[in-house]
Amino acid sequence: MLLAQRGETRSWWAFTGCNIAFLSGYSLVRLGLERFVGVDCRREAALTLTVAIALLLWLGPDAENAPWRVVLIYGAGAWLMLRVLFALRFVVVEFSRGWAVLVALPVLVLGVSSGAMAIAQMVDMQKSLELHQFSMANVRILFVYMLVAGAFNLSFVVLVNLRLVQRLRFQNERDELTGLFNRRALDGALSREWDRFKRSKQSFAVLMIDIDHFKQVNDVHGHAAGDVVLQEVARRIRNASRTLDMPVRQGGEEFLVLMPLCDAAGAQVVAERVRAAMQAQPVRVDADSESTQEKQLTVTVSVGVAVAQPADSKAASLLERADSALYAVKRAGRNRVQVAD
Amino acid sequence: MELFISSNPQLVMVIMASTQMAIYSVGWLVVLVALRADRLSVLCWALGWLVLGAGLG
């Protein structure tokens, strides 16, 4: 535009090069946003850009082709932006509908404004709407660019920050090896569940799970095999639990499942399911350097169950009872389920 | 300056929009250095605004 404003003869850079740069910018912005939300649009964006550039090169910088160039630029811009709207369903999945609307608004305004410019040019092909020529339509679209650039960048700042916060929250509440919740997350959830129990008297339960003879796995097969066993036990606990249960790795080979809205019978069923899931299938661990064969380790677990009772003075006493039940199982020979009194 | 703005407000708007986009771009490039993840998408985004601003200007 600045080159065109100088009033020199129509140079390639001012009327074709700048338009190519403009569309490339659109494509890069779209690519950045879609990559961020996990959509691979490279092929379609590259195809749109290639076709648009080929047509721009064919039209050249001449004044007689100016209306067609305007239609092409705004039309391609509108297409590139409106296609972004399809990727925003992934923003809904990862963040929320509200945040998706925040991103969708500038995209929609830019897409619709560009489309309107293309249509306005098509309606009157006698008068060119090239950006360097003064017209109210051009002033309006420039105003839209300024507003949308701000809003669009602001919404991307929000998305980047939301993802960072989500990652921090995940790392704060999850055990890195198994992906289960960690002790910190358990403390908060247990406290909330306890408050709910005191208020509504709806019982909840905890399963305390310990891998039998885990030290031997580490000592005999190595710590890498031990890690595989921990991951597999975590996976089976997760699968055996109900949707609303909260599986936790307490530390070492000790796991816990917090079971909201659950009585002793229900907790015992899930505990037995966990125990049976471990016994049913051996855990496969990778071959070490000395042996070429894959190892299969039979891993069993002991489970102590405790259900919240009105006599409990605090949430910690529930854990103590589950722990006592677990040690009773250990003394009785392991690979069993015991419900605390 | 006032004469320039009043005589060609469209040009002033183009300069403002291009500068704005260039500033966003530089801002994102700074973020890119600090960011550990999503680097490629932020790089595309930053370059996109730079090229868009250049094309507009």
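What follows is a working chat about a predicted model with chains A and B.

Q: Let's start where the chains meet: how many residues of chain A are in contact with chain B?
A: On the chain A side there are 37 residues in contact, and they meet 29 residues of chain B. This is a predicted model, and totals for interfaces use all residues.

Q: And how much area do the two bury between them?
A: Chain A and chain B bury about 3000 Å² between them, with 77% of that area on carbon and sulfur atoms.

Q: What about salt bridges across the interface, how many does the rule find?
A: The rule finds two salt bridges across the interface of chain A and chain B. One of them joins the side chains of R167(A) and D38(B), at 3.7 Å from N to O.

Q: How many residue pairs are in polar contact there?
A: Four residue pairs are in polar contact across the interface of chain A and chain B, counting pairs with both residues at pLDDT 80 or more.

Q: Which helices of chain A supply the side that touches chain B?
A: Helices α1 (2–5), α2 (12–37) and α7 (136–173) of chain A each supply at least two residues of that side. The one that gives the most is α7(A), with 16 residues.

Q: Now cysteines: how many disulfides does the structure hold?
A: The structure holds zero disulfides over all chains.

Q: Is C41(A) buried or exposed, and what about C262(A), buried or exposed?
A: C41(A) is buried, with a relative accessible area of 6%, and C262(A) is buried as well, at 4%.

Q: Back to charges: how many salt bridges are there over all chains?
A: A search of the whole structure finds 18 salt bridges over all chains. Among the residues involved, R30(A), E34(A), E44(A) and R83(A) are linked in a network of salt bridges.

Q: What does K330(A) form a salt bridge with?
A: K330(A) forms a salt bridge with D212(A), and the closest N and O atoms of the pair are 3.1 Å apart. K330(A) lies in helix α12 (residues 315–331) of chain A, whereas D212(A) lies in the loop between β1 (205–211) and α9 (214–221) of chain A, so the pair ties together parts that are 118 residues apart in sequence.

Q: What about R183(A) and D187(A), where do they lie?
A: Both R183(A) and D187(A) lie in helix α8 (residues 183–200) of chain A, four residues apart, about one turn of the helix. Their side chains meet in a salt bridge at 4.0 Å, N to O. R183(A) is partly exposed, with a relative accessible area of 42%, and D187(A) also counts as partly exposed, at 44%.

Q: And R42(A), which side chain does it meet in a salt bridge?
A: The side chain of R42(A) meets that of D40(A) in a salt bridge, at 3.0 Å from N to O. R42(A) counts as partly exposed, at 46% relative accessibility, while D40(A) is exposed, with a relative accessible area of 57%.

Q: Last one, R236(A): where is it found, and is it buried or exposed?
A: R236(A) is found in helix α10 (residues 223–240) of chain A, and R236(A) is buried, with a relative accessible area of 6%.

Q: So what is R236(A) in contact with?
A: Leaving aside neighbours within four places in sequence, R236(A) is in contact with A277(A), M278(A), Q281(A), P282(A) and V283(A). A polar atom of the R236(A) side chain lies 3.1 Å from the backbone oxygen of A277(A).

Definitions and conventions. Residues numbered from 1 in each chain as written. Chains lettered and ligands numbered in written order. Predicted model: local features only at pLDDT ≥ 70, side-chain atom pairs only at ≥ 80, totals over all residues. Heavy atoms only, no water. Disulfide = S-S within 2.5 Å. Buried < 20%, exposed > 50% of the residue type's maximum accessible area, 1.4 Å probe, protein only. Contact = heavy atoms within 4.5 Å. Buried area = accessible area lost by both parts, 1.4 Å probe. Polar contact = N/O pair within 3.5 Å; in protein donor to acceptor, adjacent residues only side chain to side chain.
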